[in-house]
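Thanks for making time this morning. I would like to walk you through one structure, slowly, for anyone who has not seen it before.

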Number of protein chains: 2
Amino acid sequence: VGLIAVDWGTSSLRGALLDDAGRVLEEKTAPRGILTVPAGDFAAVFDSIFAAWMQRAGSFCLISGMAGSQQGWAEAPYETCPAGLADLARQLCWIDRGRIAIVPGLRDERGGVPDVMRGEEVQIFGAMRLTGMTTGLFVLPGTHNKWAAVREGRVTGFRTCMTGEFYSVLSQHSILARTLQADAPLDEAAFLRGVACTGNGEGLLHNAFGARTLGLFQRMPSSALTSYLSGILIGEELRTQPLQGIRDVVLIGAPALTRRYALALKTVGIDASALGAEATWAGAYALHAVLQDGDSS
Amino acid sequence: VGLIAVDWGTSSLRGALLDDAGRVLEEKTAPRGILTVPAGDFAAVFDSIFAAWMQRAGSFCLISGMAGSQQGWAEAPYETCPAGLADLARQLCWIDRGRIAIVPGLRDERGGVPDVMRGEEVQIFGAMRLTGMTTGLFVLPGTHNKWAAVREGRVTGFRTCMTGEFYSVLSQHSILARTLQADAPLDEAAFLRGVACTGNGEGLLHNAFGARTLGLFQRMPSSALTSYLSGILIGEELRTQPLQGIRDVVLIGAPALTRRYALALKTVGIDASALGAEATWAGAYALHAVLQDGDSS
């Protein structure tokens, strides 16, 4: 049987065709995030990209991500933490029974405030499979970062941090946009200075202003200010995580981001390993294996 | 002599004509913040608004705010904290000697990162005059809030918090914009729930996401989410200020903002009093009095 794994997010869509051993035979990406798809057009967009793969005998497709949201193809439920792969398998949202399904998201709650993820759950289960680590901390940087605690193969809880989106709106729409050089490459020294600054206890709302004044007084070149702001934000994020006693962290995301988190985590004595898109494919493969076991039992 | 006090900021311009006792005879506002004024046009814009006042015998004008920045009429210096009124008087940036001057800003520095204000210093000295409080904490909410410590009539140090700008960019440009009702009036209960939430120690980057999920799960109406986000931001700001042992705080700013800070400060046992534009006029009057004393000595 050929497994098709699709990560259908807000702004982009990625898919992979896997063989029976979970190896990637082919990958596709398309700028068809759910925001670009009018309601009712999801099936047509899916066909336009994956029809050839789906025509293979026995093809089966698992879709994760925002395609399962209210604004997506069909609304998949949220599984409540703690949750394992078997819980996801039981709550699939079928688009075409036996052929196409959307994977449920996860939800957690603390202090009366819910938290949610869609798509990252598949990456986390995939990362467990690829690393063999089934108890620990998994961090998924992106627009809305997820910090997920895992114990014995189940996601016990998680927190979202809007770090990526704060970086985006501050560097594009705030006064900082006037002096930042948005497309500057990572300046490690400036980044680590930002991370270190957050230890002053003065908070993000104050420390972010340093990315303005350091430029104003020519203490830092505009090419370094973006890295400094990034360090201020990621340092703040780390400062509010329960990292005491944590030794190993698995980062999952784009290399440009996971590299920054690895650098920042190193400053608090944590060695992080990093995975990319392969975590999504491995997660879909692991979920598919659970479904097949369920069928045969 | 007639004193003309002008607060010329980034996005707006306000002026007042004061009599010899510091009473406001007339006020003007114009949508001519420095961002609307091409370099070289400041004198013409000033004349178009204040020519009639300036024609009175003995007229003298003190301008504070971003008109003294690099992008303003002329670059006024920054006085280094601690600084008193006499320090400002000594460093005036004269546009027309004896007739028009720009008041210097203030700067402070901590951990190698500078901090600056332009315009708020005049409001702080005015608030001291109006309240009689010459030692204490003065808080000026706005786009870039200032928290200024004052001892015996001198500003000993201050911190900027970008709280107003964070609120603006998050509510207009982030994912929160999709569910927030931007023009909703203050919902005190939702605001105070946001303030209380920041006590969870999970940080702004996480807590802000609650303004998304509480809407997603219909736990809070969209009309309340703006107030909740405002509470999350102002609560975070308070959490990073050294408020231990502080009993009295003077707030200076627009009533819609100072009201929120007064509500939030009450939750930590602090009674705050509030002043508006009158602080600017009183500060210019006090500075003018110092200049006259200097002339006569």
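**How the two chains meet**

Let me begin with the contact between the chains, to which chain B gives 50 residues and chain A gives 50 residues. Please keep in mind throughout that what you see is a predicted model. Together, chain B and chain A bury about 4,200 Å², and 66% of that area is on carbon and sulfur atoms. On the side of chain B, the residues that lose the most area to chain A are B:Met162, B:Leu205 and B:Phe209, which together account for 17% of what that side buries.

Now to the polar part of the interface. There are 18 residue pairs in polar contact between chain B and chain A, counting pairs in which both residues have a pLDDT of 80 or more. The largest share comes from α4(B), which supplies six residues. Sorted by class, this side of chain B has 21 nonpolar, 15 polar and 14 charged residues.

How many salt bridges are there across the interface of chain B and chain A? The rule finds six of them there, while the structure over all chains holds 24. Another salt bridge brings together the side chains of B:Glu202 and A:Arg159, at 2.8 Å from N to O.

Next, the relation between the copies. Chain B is superposed on chain A by a rotation of 180 degrees, with 0.0 Å of shift along the axis and an RMSD of 0.0 Å. That is the relation of a two-fold axis. Which residue of chain B comes closest to the rotation axis? That residue is B:Val169, whose C-alpha is at 3.1 Å from the axis. The copies meet through the same surface, because 100% of the interface residues of chain B are also interface residues in chain A.

I would also like to point out some details of the backbone. Most residues other than glycine have a negative phi, and most peptide bonds are trans. In chain A, however, the peptide bond that joins A:Cys81 and A:Pro82 is cis, with omega about 0 degrees, and A:Pro82 is in the loop between β5 (78-80) and α2 (85-90) of that chain. In chain B, the bond from B:Cys81 to B:Pro82 is cis, with omega near 0 degrees, and B:Pro82 is placed in the loop between β5 (78-80) and α2 (85-90) of chain B. A:Glu152 is not a glycine, yet its phi is positive, at about 45 degrees; this residue lies in the loop between β11 (145-151) and β12 (154-161) of chain A.

Finally, a word on confidence. Chain A has an average pLDDT of 95, and 99% of its residues score at least 70. For the complex, the predictor gives an ipTM of 0.95 and a pTM of 0.95. Where pLDDT is low, the predicted coordinates should not be read in detail.

Terms used:
Residues numbered from 1 in each chain as written. Chains lettered and ligands numbered in written order. Heavy atoms only, no water. Contact = heavy atoms within 4.5 Å. Buried area = accessible area lost by both parts, 1.4 Å probe. Salt bridge = Lys/Arg side-chain N within 4 Å of Asp/Glu carboxyl O. Polar contact = N/O pair within 3.5 Å; in protein donor to acceptor, adjacent residues only side chain to side chain. Helix = DSSP H or I, 4+ residues; strand = E, 2+ residues; numbered from the N terminus. Nonpolar A, V, L, I, M, F, W, Y, C, P; charged D, E, K, R; others polar. pLDDT = per-residue confidence, 0-100. Least-squares fit on C-alpha atoms with pLDDT ≥ 70 in both.
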